[in-house]
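Try each task yourself before reading its solution.

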Amino acid sequence: MAATDDLRLGVNIDHVATVRNARGGGVPDPVRAAKLAEAAGADGITAHLREDRRHIADADIDALMTALSVPLNLEMAATDEMQAIALRHRPHAVCIVPEKREERTTEGGLEVAQDENRLAHFIAPLREAGSRVSIFIAADRRQIEAAARIGAQVVELHTGAYCDAHALGRFEDRDAELARITDMAALAHSLGLEVHAGHGLAYDTVAPVAALPEIRELNIGHFLIGEAIFVGLEEAIGEMRRRMDAARAG
């Protein structure tokens, strides 16, 4: 299975919904943001339907499934409720993520190695329904090998520790995290898994990850929505796309 030069950008629109929900009502509309992102060159849209519905709501998923012409990546916890929602909608992709009510954002990767049997049974109906199943995990050998064993088609490597170390000026830690991501992307690819990456990526951290040939997709949300406040969503996505492409071209 050869690596590829193709690199997709998935834009996460969760935090448009966060702003909407801070006041209530219907604005800003995450579906409108998704359509703008699509027009700006996003290859897909990611939305995380959390158990507590703190940002994306069920009605948003309904509307996104109708409105989008690019793939929808539905992030969700491995619960019966979320499985039923995914099976009803049958999005292009389902990404299984860990979820804790008290966390501000997803804090780490899913523990797959200690929950293989349950997760294998959980994802089987999703695959049968036609959704590509992705597992959001740390760049860790045990988790990657477990993801392959349970039948996941994709792994998304958590880049949060790498981005946090960069932001705090801990450059040795940053480089160690990047080396780990590099090695584990190669391992996942060798096991026949499609490799994605995301969490915390920004203009100043995206290039080294985008340059990894095994990675096929980056999912970026919070930074792009924040940057859009100042320059607009089209410009924010366009600049991210330019940096990704330049890194990929070498």
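**Exercise 1: Contacts along the chain**

Among contacts (heavy atoms within 4.5 Å) in the protein chain between residues at least 6 apart in sequence, 68% join residues at least 24 apart.

Before going on, note that this is a predicted model, in which local features need pLDDT of at least 70, side-chain atom pairs count only at pLDDT 80 or more, and totals for chains, interfaces and linings use all residues. Residues are numbered from 1 along each chain as its sequence is written, and side-chain values use heavy atoms, with hydrogens and water left out.

**Exercise 2: Overall shape**

Task: find how the radius of gyration of the protein chain fits the globule rule.

Step 1: the radius is taken over C-alpha atoms, and the rule is 2.2 Å times the number of residues to the power 0.38.
Step 2: for 250 residues, a compact globule would have a value near 18 Å.
Step 3: the protein chain has 17 Å, which agrees.
Step 4: along its principal axes, the C-alpha trace spans about 45 × 40 × 35 Å.

**Exercise 3: The cysteines**

Task: how many disulfides does the structure hold?

Step 1: a disulfide is a pair of cysteine sulfur atoms within 2.5 Å.
Step 2: the structure holds zero of them.
Step 3: for Cys95, the nearest cysteine sulfur is that of Cys163, 16 Å away.
Step 4: Cys95 is buried (under 20% relative accessible area; exposed is over 50%, partly exposed in between; 1.4 Å probe, protein chains only), with a value of 0%.
Step 5: Cys163 is also buried, at 6%.
Step 6: of the 250 residues of the protein chain, 51% count as buried.
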